[in-house]
Amino acid sequence: MRSLTLRLESRLRTAHELTVENDGIADTLTLTRGVLRAEVIREICVHLEPYQTGEKPITGETVIAKDLTIDSLAIMDMVMELEDRFDVSIPMSVIAEIHTVDQLADTIRDLGARA
Amino acid sequence: MGLFDRHAGLLEAYRDVRTTGYDPFQIRMERVLSPTKAIINGRETLLVGTNNYFGLTFDPSCMEAAIEAIRAEGTGTTGSRIANGSYSEHVALEKEIAEFYGKKHCMVFTTGYQANLGVISTLAGQGDFLLIDADSHASIYDACKMTQAEVVRFKHNDPSSLEARLRRLKDSKEGDKPGNRVVVLEGIYSMLGDSAPLREFVDVCKKYGAYVLIDEAHSLGALGDNGRGLCESTGVIDDCHFIVGTFSKTLGAIGGYCVSDDPDFDILRVTVRSYMFTASLPPSIVASVRQALRVVKARPELRTQLWDNVATLYDGLKAQGFTLGPEHGPVVGVHLPDRMTAIGFWRAMLDAGIYVNVAVPPATPNGVSLLRCSLCAVHTREQLDHMVEVMTGIGRQFGVLSSQPKLRAAGAR
């Protein structure tokens with residue numbers, strides 16, 4: 001796996017290009033970095049559980065600011081924790097466009113693949 | 001949807017606040033008597049929440065300077081520096097602030113808020129990166145909304161958290177991302193009174209070639225042998241590329257400034273919109289600020305008195321069992337369990353003749369509810385001992401402190 005990653009990296013400058021040119025290869029690269037979507041979602045849910053209302057489970061479609069009791073500042077603090085957990089930085093303007101758990105997970109994965 | 005519907009949540013919280021009887025956000029000072037006293041609700045009240053760190057609002061020399069300036073040059077400038085021109089006093093003030101820091105350039109703004117808003121949003125532009133402390137003041141957050149730069153927050157007072165974010169910009173497989181890195185810090189944070197580990201932050205910024213902007217709003221006068229702030233007390237003035245501050249706290253008036261050694265600094269005069277499109281400071285303010293700066297230089301004992309008072313209040317409250325901000329500071333933040341306790345406590349203090357600020361989410365870090373006390377060099381020991389006594393009584397009444405008087409360890413045995 002490691003050598004494959006290195007080979008891929010030397011062949012193609014950026015993971016961003018990888019995503020454009022070949023989804024399959026991009027996925028392989030992502031896997032080697034250990035950023036699995038399920039893992040990202042699981043981590044997000046751990047952070048959001050304290051803000052759950054009623055019996056409704058947190059899913060990919062959960063709208064973070066609306067379906068939960070979390071306020072905007074707490075969302076930004078959670079993002080900081082996730083940034084360090086997955087070694088990515090999410091600009092504030094990007095955070096502002098994220099509404100659902102799925103979108104947050106995808107953003108983290110995309111940024112991770114590019115790093 | 002009505003125009004105000006989106007504020008429904010806030011309206012509800014605000015209604016809760018007002019059920020306590022007073023509205024903490026619309027307090028009327030019926031008459032201000034001195035830096036430490038005012039008439040509120042018809043009674044003489046001790047002021048411990050006005051950021052008047054040196055008590056200079058009633059300094060006779062500053063007041064006389066302002067009065068003279070009004071007689072000489074009138075009440076206002078009626079326009080901005082670029083339209084109506086600079087008065088000689090604006091230029092003199094800028095020269096004096098620059099000299100105070102040993103920097104080459106200074107720009108003066110009409111408020112501290114506008115200084116941060118304009119400078120930060122202009123320095124970091126398209127393609128640049130702005131890295132801000134998570135507990136930054138609203139003026140810094142608002143600058144982030146205006147900038148074209150990418151904004152990333154790092155954990156409060158955590159140099160390793162900043163380093164991780166600077167490193168990510170470097171380690172990108174797209175190569176070392178081009179663009180300037182601007183890191184924004186504050187000397188003393190306004191809610192809990194804690195200081196940034198500035199030297200460690202500066203080391204990280206040097207390692208990654210980032211510019212440092214520090215806001216000394218609450219530390220001007222209070223920190224450093226000459227009162228220049230945290231940049232002086234930690235010995236890194238030369239490593240701070242931009243130092244911002246305000247005239248509205250220690251200097252007892254209103255206005256903001258930014259100093260720098262950058263040779264092209266003055267271009268900001270025709271690019272920073274919060275400087276260009278607002279009226280400049282009136283002559284009276286400029287005159288009192290110039291005099292207040294002279295007082296800060298001439299009377300270092302005010303700084304000693306301020307820190308003595310900080311120790312009296314902080315140590316007094318701590319000994320009674322209150323949970324406080326992490327360190328001594330001209331702002332002492334008292335933690336309370338929730339919003340309604342904080343507001344009830346605040347109201348009880350006002351009824352007892354003591355005014356402090358109440359700070360509740362979302363204005364506070366980590367959703368904490370606080371009583372925010374700010375000390376003044378001219379508070380007396382008796383006033384502060386009395387305050388500790390009053391707060392202890394209310395703390396027991398509210399169940400924030402245990403009802404048994406706290407005994408000293410030695411006395412308990």
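Student: In what sense do E14(B) and strand E15 (residues 369–374) of chain B pair, and over how many bridges?
Tutor: Antiparallel, over three bridges. Strands pair when DSSP finds at least two bridges between them; strands (E, at least two residues) and helices (H or I, at least four) are DSSP runs numbered from the N terminus. This is a predicted model: local features need pLDDT of at least 70 and side-chain atom pairs 80 or more, while totals for chains, interfaces and linings use all residues. Residues count from 1 along each chain as written, with chains lettered from A and ligands numbered from 1 in written order.

Student: Which residue in E15(B) is the bridge partner of Val358(B)?
Tutor: Leu371(B).

Student: What's the strand order in that sheet?
Tutor: E11-E12-E15-E14 in chain B, an open sheet of four strands with antiparallel pairing. E11 (323–324) and E14 (357–359) of chain B each have a single partner strand, so one side of each lacks a neighbour in the sheet.

Student: Which strands does H12 of chain B touch?
Tutor: H12 (residues 301–319) of chain B touches E11, E12 (331–336) and E15 of chain B (contact: backbone-placed C-beta atoms within 7 Å). Its direction makes about 15° with that of E12(B) (axes are fitted to C-alpha atoms, for helices over the stretch in contact; angles run 0 to 180 degrees between N-to-C directions).

Student: And where does H13 of chain B lie?
Tutor: H13 (residues 339–351) of chain B lies across E12, E14 and E15 of chain B, at about 35° to E15(B).

Note on methods
Two residues are in contact if their C-beta atoms, placed from the backbone, lie within 7 Å.
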